[in-house]
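Here are some notes for a colleague who is opening this structure for the first time. Please keep the sequence and the model side by side while reading the points below.

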Amino acid sequence: MIYLDTDYMAGAHPEVMEALNRTNMFHTPGYGDDKFTRRTRSLILEACDLENGGCQFMVGGTQTNATVIDRLLSRNDGVLAADSSHINVHEAGAIEAWGHKILTLEHTEGKISASQIREYIENFYADDTFEHMVRPGMVYLSYPTEFGTIYSKEELSEIYKVCGDFNIPLYIDGARLAYGLNAKDNDLGLKEISRLCDVFYIGGTKCGTLFGEAIVTKNPELLPRFTSLMKLHGGLLAKGRLLGVQFEALFTDSLYDKIGKYGVDMALRLKDMLLEKGYRQFIDSPTNQQFFILPNPVIERIKKEVSFELWGAPGSDESKVRFVTSWSTPADTIDKLSSIF
């Protein structure tokens with residue numbers, strides 16, 4: 001069976017697993033107060049060019065989103081996000097469970113624009129009854145988006161300017177950040193993203209670790225008493241060094257970049273193969289998620305050998321599907337798929 005359901009189906013990248021095995025019997029302080037995690041924070045902040053920034057580690061994406069958003073917002077504030085965003089569609093109400101409404105904007109291939117954000121906020125304050133409404137207190141973006149698309153430097157700069165104009169933070173969900181940074185025509189790096197938002201996270205779960213996300217901010221004052229809030233959210237790992245060790249491996253010898261590049265290269269080969277065979281794209285994604293529209297008989301035939309996801313409800317004659325590659329996709333996958341299709 002060829003597995004293309006998502007990018008966290010395998011365990012850890014061999015170099016990450018080797019680092020965990022090598023340090024397995026070490027005895028260190030808990031909760032991230034260990035030499036590995038301290039060193040890893042320095043590596044990440046150096047890569048982001050944030051000498052005075054902050055870095056914390058949590059286990060998973062939903063947990064990270066819920067905790068960061070809860071810290072950035074006052075209790076009676078909401079978060080502006082695309083209607084297709086992960087926090088709105090696939091996080092089981094985790095944000096709302098902590099008292100914060102998601103204020104949705106209509107997406108275009110997964111993205112929202114600076115003009116949409118400005119219009120929403122201006123209309124909010126133009127309403128005489130705004131004190132009775134949920135204030136848009138921050139903006140949430142995914143990079144890449146849930147449709148595999150990416151924001152350009154110009155787009156992100158424009159969104160960040162709007163946030164600055166209204167004095168609200170911009171937060172970027174980087175669950176698949178490695179694949180976005182290595183997308184064709186991407187003009188953003190870690191340093192640019194660090195400057196063009198207030199808080200973001202570097203995804204590990206989908207990019208080579210067993211688990212883990214690294215939260216980064218250029219202004220630690222935005223996340224006061226964050227360790228305590230992590231504990232409140234059930235997200236402070238006692239064996240915190242497991243996160244530090246894994247991210248140290250990712251940020252040694254450019255492993256994070258290599259993982260992203262390989263996953264994207266495999267996805268683009270998959271895209272080219274399907275296009276050559278005459279199948280239609282649903283969305284043209286430059287990252288490791290590829291979306292196609294396939295005839296239902298083809299779907300029924302190939303699912304005996306290929307594991308993947310339907311993207312939404314099936315159609316009567318054809319359906320949208322998603323294929324996801326990663327660092328763990330075998331090198332001969334595309335050749336095998338070509339014979340199956």
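How many bridges join strand 12 to strand 13, and in which direction do the two run?

1. The model is a predicted one. In it, strand 12 and strand 13, the latter made of residues 318-324, run antiparallel and are joined by two bridges. Across this pair, Glu309 stands opposite Arg322, which belongs to strand 13.

2. The pair is part of an open sheet of four strands, whose order is 9-10-13-12 and whose pairing is antiparallel. Strand 9 (280-283) and strand 12 (309-310) stand at the edges of this sheet, and because each has a single partner strand, one side of each is left without a neighbour in the sheet.

3. Helix 12, which covers residues 255-276, packs on the sheet and touches strand 9, strand 10 (289-295) and strand 13, while its direction makes about 20° with that of strand 10.

4. Turning to the pockets, the largest pocket has a volume of about 520 Å³. Its lining is made up of 28 residues, and those that lie nearest its centre are His86, His90, Arg176, Lys206 and Arg322.

5. By type, the lining of the largest pocket divides into 13 polar, eight charged and seven nonpolar residues.

Key. Residues numbered from 1 in each chain as written. Predicted model: local features only at pLDDT ≥ 70, side-chain atom pairs only at ≥ 80, totals over all residues. Heavy atoms only, no water. Pairing = 2+ DSSP bridges. Contact = heavy atoms within 4.5 Å. Axes fitted to C-alpha atoms, helices over the stretch in contact; angles between N-to-C directions. 1 Å grid on protein atoms, 1.4 Å probe; cavity = no way out; pocket = protein on both sides within 12 Å on 5 of 7 lines; lining within 4 Å. Points joined across faces, edges and corners; volume = space filled by probe spheres on them. Nonpolar A, V, L, I, M, F, W, Y, C, P; charged D, E, K, R; others polar.
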